[in-house]
Amino acid sequence: TERLLRYNADGSWDTTFGVNGIVDMERNNGEFIYHVGVQSDDKIVVCGLEEKLVNGAFAKFVFVWRFLPNGALDNSFGLNGVAEYTTAEWANGETYLQIHDMIVLADNSILINQTYQGTLGNHVILHKMTANGAPDASFGTNGDFFKTDPNYSGVYTYSSSAIQPDGAIVSTFTPYDGDLQA
């Protein structure tokens with residue numbers, strides 16, 4: 001079970017949200033929530049990572065849930081309130097898949113910054129979804145932009161993103177490399 005809580009502006013618990021201030025999200029997969037954001041219409045988006053059984057083997061997926069302002073699942077988002085995606089790039093031998101941030105943009109689209117280590121090096125992926133959870137086909141290749149650092153000997157890569165007023169995306173890319181110690 002993953003849990004979503006809401007507090008009032010003064011820090012008190014908002015018991016009008018969900019059931020007594022709590023929304024429990026139960027799914028059959030091993031999953032972790034990493035980030036939460038709010039769209040301009042007060043709909044709540046939650047992003048995480050899950051492993052689920054696909055053809056007899058566990059596969060990693062990124063998921064985004066969307067909730068109405070009262071905590072009810074928004075079934076108009078993705079498939080029954082959940083949008084999820086995976087890629088052949090990280091499904092084929094990745095390790096250390098991480099979600100570093102999720103940003104709700106001014107038009108309510110969603111940008112997810114993630115990294116992983118694969119057979120070709122360390123990778124940063126920016127994934128952009130429309131406000132309703134579909135991949136944004138106008139961004140990168142079917143909603144994904146990849147950057148690879150082929151020279152690495154470490155295992156973790158770190159990244160973060162921010163949006164400039166003109167809509168440009170600024171991202172960091174800091175691979176951990178044991179050979180580059182000061």
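Guide: What follows is one connected look at a single residue and then at the parts around it.

This is a predicted model, in which local features need pLDDT of at least 70 and side-chain atom pairs count only at pLDDT 80 or more, while totals for chains, interfaces and linings use all residues. Residues are numbered from 1 along each chain as its sequence is written, and side-chain values use heavy atoms, with hydrogens and water left out.

Let's start at K43. You will find K43 in the loop between strand 3 and strand 4; strands (E, at least two residues) and helices (H or I, at least four) are DSSP runs numbered from the N terminus. K43 counts as buried, at 18% relative accessibility. Buried means under 20% relative accessible area, exposed means over 50%, and partly exposed lies in between (1.4 Å probe, protein chains only).

Who surrounds K43? Leaving out residues up to four places away in sequence, K43 touches G37, V38, R66, F67, L68, P69, D74 and S76, where a contact means heavy atoms within 4.5 Å.

Now look at the charges. Side chains of opposite charge can pair when their charged atoms come close. K43 meets the side chain of D41 in a salt bridge, at 4.0 Å from N to O; the rule asks for a side-chain nitrogen of Lys or Arg within 4 Å of a carboxyl oxygen of Asp or Glu. D41 is partly exposed, at 39% relative accessibility. On another side, the side chains of K43 and D74 make a polar contact of 3.3 Å. That term covers a pair of N or O atoms within 3.5 Å; within protein, one must be able to donate a hydrogen and the other to accept it, and residues adjacent in sequence count only if both atoms are side-chain atoms. Put together, D41, K43, R66 and D74 are linked in a network of salt bridges.

Most residues other than glycine have a negative phi. D42, however, has a positive phi near 70°. D42 sits in the loop between strand 3 (30–38) and strand 4 and is partly exposed, with a relative accessible area of 46%. N80 also has a positive phi, of about 55°, without being a glycine. N80 lies in the loop between strand 5 and strand 6 and counts as exposed, at 52% relative accessibility.

How many salt bridges does the structure hold? The count is six. One of them joins R3 and D24, whose closest N and O atoms are 2.7 Å apart. This pair links distant parts of the chain, with R3 in strand 1 (residues 2–5) and D24 in strand 2 (residues 22–25), 21 residues apart. Another pairs D136 with K128, at 3.4 Å from N to O. D136 is buried at 12% relative accessibility, and K128 is buried as well, at 15%.

Next, step from the charges to the nonpolar side chains. A nonpolar core is a set of buried Ala, Val, Leu, Ile, Met, Phe, Trp, Tyr and Cys residues joined through side-chain atoms within 4.5 Å. The largest core has 17 residues, and C47, V62, V64, I110 and I112 touch the most other members. Among the elements giving two or more residues to this core are strand 4 (44–54) and strand 5 (57–67), while strand 7 gives the most, with four residues. A second, separate core has ten residues, including F17, M25, I44 and F63.

Finally, zoom out. Of the contacts between residues at least 6 apart in sequence, 42% join residues at least 24 apart.
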